[in-house]
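Student: I have a model open and would like to learn how to read its features one at a time. Where should I start?

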Amino acid sequence: MVITPGDPYLTPNNNSQAGVSPLANFNILITTPAFDNQGNLANIETFIVAVVNKLAASSLVLNISSVSAPAITNAASGDLLTASITVSILTSWS
């Protein structure tokens, strides 16, 4: 897994007029070796469910807005099957 800043990275949020709290946007890129179609899809689905369960169990105030369709990415080490999860986390200015 690779965690990268999303675009836009920060989104100001009015938070019901009580103060301005930004949303920090991130992409979680999940990868698995691209060996065979059935095994790759099973692995990537298992990883997606594990990440979503770990995020749900955390104490963070977050929103999972989308999960991309699996796609093949060429890397120096070989072909990878990848999927991306877009997450927004409510944070504070400090």
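Student: Which residue in E5 is the bridge partner of Asn74?

Tutor: The model is a predicted one. In it, Asn74 has Asp79 of E5 as its bridge partner. That bridge belongs to a pairing of strand E4 (residues 71–75) with strand E5 (residues 78–90), which is antiparallel and runs over five bridges.

Student: How many residues lie between E4 and E5 in the hairpin?

Tutor: Two residues lie between E4 and E5 in this hairpin.

Student: How do I read a nonpolar core, and which residues make up the largest one?

Tutor: The general idea is that nonpolar side chains tend to be buried together in soluble globular proteins. Here the largest nonpolar core has 11 residues: Ile28, Ile30, Ile44, Ile48, Val51, Leu55, Leu81, Ala83, Ile85, Val87 and Ile89. E5 gives the most, with five residues.

Student: What does Val87 touch, leaving out residues up to four places away in sequence?

Tutor: Val87 touches Ala24, Asn25, Phe26, Ile28, Leu55, Leu62, Asn63 and Ile64 on that count. Of these, Ile28 and Leu55 are listed with Val87 in the largest core.

Student: Where is Asn63, and how far is its C-alpha atom from that of Val87?

Tutor: Asn63 sits in strand E3 (residues 62–67). The C-alpha atoms of Asn63 and Val87 are separated by 5.7 Å, although the two residues are 24 apart along the chain. Beyond its neighbours within four places in sequence, Asn63 is in contact with Thr86, Val87 and Ser88.

Student: Is Thr32 buried or exposed?

Tutor: Thr32, in strand E2, is buried, because its relative accessible area is 4% and the cut-off for buried is under 20%. Away from residues up to four places off in sequence, Thr32 touches Asn40, Asn43, Ile44, Phe47, Leu80 and Leu81. Ile44 and Leu81 are also listed in the largest nonpolar core.

Student: Which residues form a nonpolar patch on the surface?

Tutor: Tyr9, Leu10, Val20 and Trp93 form such a patch, and together they have about 420 Å² of accessible area. Tyr9 is placed in strand E1 (residues 2–13). With 42% relative accessibility, Tyr9 counts as partly exposed.

Notes: Residues numbered from 1 in each chain as written. Predicted model: local features only at pLDDT ≥ 70, side-chain atom pairs only at ≥ 80, totals over all residues. Heavy atoms only, no water. Patch = residues over 30% accessible without salt bridge, like charges linked within 9 Å, V, L, I, M, F, W, Y side chains within 5 Å. Areas by Shrake-Rupley, 256 points an atom, 1.4 Å probe, with all protein chains shown as cover. Salt bridge = Lys/Arg side-chain N within 4 Å of Asp/Glu carboxyl O. Helix = DSSP H or I, 4+ residues; strand = E, 2+ residues; numbered from the N terminus. Buried < 20%, exposed > 50% of the residue type's maximum accessible area, 1.4 Å probe, protein only. Pairing = 2+ DSSP bridges. Core = buried A, V, L, I, M, F, W, Y, C linked by side-chain atoms within 4.5 Å. Contact = heavy atoms within 4.5 Å.
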